Amino acid sequence: MKDISRADTALRGRLLWFVERPEEHGAGAVRYIEDGLLVLAGGRILAVGETSALRPALPAGAVIHDHSGRLITPGFIDPHIHLPQTQVVASWAAQLLDWLNTYTFVEEQKYGDPAHAARGAAFFFDELLSNGTTTAVAFCSVHSASAEAFFAESERRNTRMAAGKVMMDRYAPDALTDTPQSGYDDSKALIGRWHGRGRQLYAIAPRFAITSTPEQLEAAAALSREHPDCLVETHISENLEEVATAKRLYPECADYTAIYEKYGLFGRKSLMGHSIHLSESERQRYADADAVAVFCPTSNLFLGSGLFDWKAMREPRRPVRIGVATDIGGGTSYSMLQTMNEAYKVLQLQGQRLDSLALFHAMTRGNAIAIGLDHLIGSFEPGHECDAVVLDARATPAMAHRMETVTTLPEELFILITMGDDRAVEETYVMGEPKKPRKRG
Ligand SMILES: [Zn+2]
C-alpha cells in the first residue's frame, strides 16, 4: 500500500470522480467509492481509496473532515464568467448588443475604482465558493485595477483561478477603452505580476472582434506568442446580429472564426465563448486547431442568443473540446448545478440528451480538460490538487421528498443538477481546506 505517513488531512465521504468521458466510455469512466477517504499532504492528493483500508495507516496528527453519507466530487470549474457583471445579472435587455450598451458597459466603468473592484471581487469569490466553484476563467474590466483586485482576492483564498483584463479599443465608452499599445502594456505587466504566482494564471482577454481593432487583435496575438502558456479568452458567434457586425468589420474574413484565425488567436489555449452560430467548416477548424467551444446555457437562453449544438461539436470523426460555463452576468446563476440543468434543457430542445454522469463530468474533469488543467484539478487521482465540493441531495424539503424514491447514484446526481444550487453545497474545499463562506444554518 502507498505510504501515507506524511498525510496531514483526509476527507471522508462518498467519493465520485471521472477518468474518461462517460458519454463515450460508460461505467468505465466513473470512479465511485461509497465510504471513501481522500488522503492529502499539503493540499495535494496522496492516496484515495476505501476508508477501511486507508484510515489505519493515517498518522496520528492528521485532521479528518468526516462527511460520511455525503457525496464529494472535485470542485466545479466555470470556464467563462465576468467579474464586473455581478450587478448586471437580471438586467431586462433585448439582446446581446443592447444588453452590453445599456447595462454592462455602465457597470464595468465602476471597476476603474480599486475600492469598488476590491468589494466586487470579495463578493464574487464568496459567491463562487458558496456554489462549490473552485476554479474559474474570468474576464475583468478593461482596468488593471479590476484584475489586481481579482488576483489579490484569489491569492488570499488560495484558489486556482485564471483571469485577464479585457482588451477593447472601440465601440465602447471612452472610460472603457484602452489602445492597442496600452492594452498590450497593461496585460503584459499583469502577466509579469500574476501568471504562475501561487495558483494564479493569466488569460489574455480581447473581449471580441467587434470591440477590438485589427491592431489590437495583433497586440493580443503578440502577447499570446510571447506567453504561450497563458490562456486566451474571447467571445464568438453568440448572436446573429453580432456575427453580421463582426463580418462587416472584417470584410476580408470569410467567417467569424477566420477573424481569430487571421490574428493568431485561435489555438489549443483559446476559450471561444458561446460558439453557437457556426458552420461545419468552422467546427472542422475548431477541431483542427484544438480550440475550445464554451457553452453558456443560462446566458444563451436569457439573451435569446441561440441553442448550442453539442452533438455537432462532438461529431466522432472530429470532436471539439467543450467547456460549460455560467457567463455571469449574461448568465443568470452562479451555480454550476443550475448551469448544467439549463444545458440539459438546451440540448433537449434539439433532441439531444446528456445523462447525469456526463453532466457531472462536464463541470469537473470536462472543464479541466477544456482549460488545459486536467493534470492539476478536476479529479481525485493522486497527485491532483484537492479542490472538492460536498453535496447534499436532500438540501431542501422538495429535494428530500424527491430523494425518498431514489435508488441509484445517477438518479441522485440528476436531482442535484435539476433541483440543486448553493443550498446543496454543504462545504467547499480549496487545497484541502474548508472554504465555503456562507454556511447553511
Ligand atoms: Zn461572456
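You are looking at a predicted model, where local features need pLDDT of at least 70, side-chain atom pairs count only at pLDDT 80 or more, and totals for chains, interfaces and linings use all residues. Numbering runs from 1 along each chain as its sequence is written, and side-chain values use heavy atoms, with hydrogens and water left out.

First, select Phe124, Phe125, Phe150, Phe151, Trp194 and Tyr202: together they form one aromatic cluster. Rings of Phe, Tyr and Trp (its six-membered ring) pair if their centres lie within 6.5 Å; planes under 30 degrees apart are stacked, over 60 edge-to-face, the rest tilted. The structure has 15 such pairs.

Phe151 belongs to helix α5 (144-157) and Trp194 to helix α6 (180-194), 43 residues apart; helices are DSSP runs of H or I, at least four residues, and strands are runs of E, at least two. Both residues are buried (under 20% relative accessible area, 1.4 Å probe, protein chains only).

Tyr202 sits in strand β9 (200-206), so the pair ties together parts 51 residues apart in sequence.

Finally, head for Leu307, in the loop between α11 (297-302) and α12 (310-313). With 33% relative accessibility, Leu307 counts as partly exposed (between 20% and 50%).
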